[in-house]
Amino acid sequence: MARRGRVELRRIEDKASRQVRFSKRRAGLFKKAFELALLCDAEVALLVFSPGGKLYEYSSTSIEDTYDRYQQFAGAGRNVNGDNNDNPDVAASDLQSRLKEIATWSEQHNAEESDANELEKLEKLLANALRNTKTKRMLAKQNNGGAGTSTGNQNSNGPSSHE
């Protein structure tokens, strides 16, 4: 039996063929994610948006818990070099500076009259401030022994889709 050669990766022009290929590759990707979680006891979360904007998701545990864990890892005092910054005073001053930046922006700009670039800058400022706040809250909960409410794990045995 002859082996197939390397497939040239390029956009599929025919819309129907592209949709069929997307469906098959998505199914294969979700199967691999499931296998990785099962065989290696890995925590896996996978989000895929179709070209039409439909959401498909798979998680070996709760997607929310996995995302919170990711945020804690990616945002909890790590800089670009991956060094830990455990100084709470530095983190608080960083958050304060972000909030001041947002306040300054809102004083200087009217959101209704702003162009897309200005609104995108504001969105990034707000997203970063929110991420830092959630991370600090999560770390505070962990340091206080996990006091507070928590969501239960919702195992997903396969991909689910949302319209």
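This is a predicted model: local features need pLDDT of at least 70, side-chain atom pairs count only at pLDDT 80 or more; totals for chains, interfaces and linings use all residues.
Colleague: In what order do the elements of the chain run from the N terminus on?
Modeller: Helices (H or I, at least four residues) and strands (E, at least two) are taken as DSSP runs, numbered from the N terminus. On that basis the chain has four helices and three strands. Their order from the N terminus on is α-β-β-α-α-α-β.

Colleague: What percentage of the residues of the chain count as buried?
Modeller: A residue is buried under 20% relative accessible area, exposed over 50% and partly exposed in between, with a 1.4 Å probe and protein chains only. Among the 163 residues of the chain, the buried share is 20%.

Colleague: Which residue in β2 is the bridge partner of L46?
Modeller: Two strands pair if DSSP finds at least two bridges between them, and five bridges join β1 to strand β2 (residues 55-59), the two running antiparallel. The hairpin has five residues between these strands, and G53 takes a positive phi near 95 degrees there. Within β2, the bridge partner of L46 is Y58.

Colleague: Why is the pair of Y67 and Y70 tilted?
Modeller: Rings of Phe, Tyr and Trp (its six-membered ring) pair if their centres lie within 6.5 Å, and planes under 30 degrees apart count as stacked, over 60 as edge-to-face and the rest as tilted. A search of the whole structure finds two aromatic pairs. In the pair of Y67 and Y70 the ring centres are 6.2 Å apart, and the pair is tilted because the planes stand at 35 degrees.

Colleague: What is the relative accessible area of Y70?
Modeller: Y67 and Y70 are three residues apart in helix α2 (residues 63-75), and are therefore separated by about one helical turn. Y67 is partly exposed, with a relative accessible area of 43%. Y70 is exposed, and its relative accessible area is 52%.

Colleague: How far is the charged end of R26 from the centre of the ring of Y56?
Modeller: A charge sits over a ring if NZ of Lys or CZ of Arg is within 6 Å of the ring centre and within 35 degrees of the ring normal. The charged end of R26 sits over the ring of Y56, and its distance from the ring centre is 3.9 Å.

Colleague: Which residue meets E43 in a salt bridge?
Modeller: A salt bridge is a side-chain nitrogen of Lys or Arg within 4 Å of a carboxyl oxygen of Asp or Glu, and the structure holds three of them. The bridge of E43 has an N to O distance of 2.4 Å and is made with R69. This pair links distant parts of the chain, 26 residues apart, with E43 in the loop between α1 (15-40) and β1, and in helix α2 its partner R69.

How values were computed
Residues are numbered from 1 along each chain as its sequence is written. Side-chain values use heavy atoms; hydrogens and water are left out.
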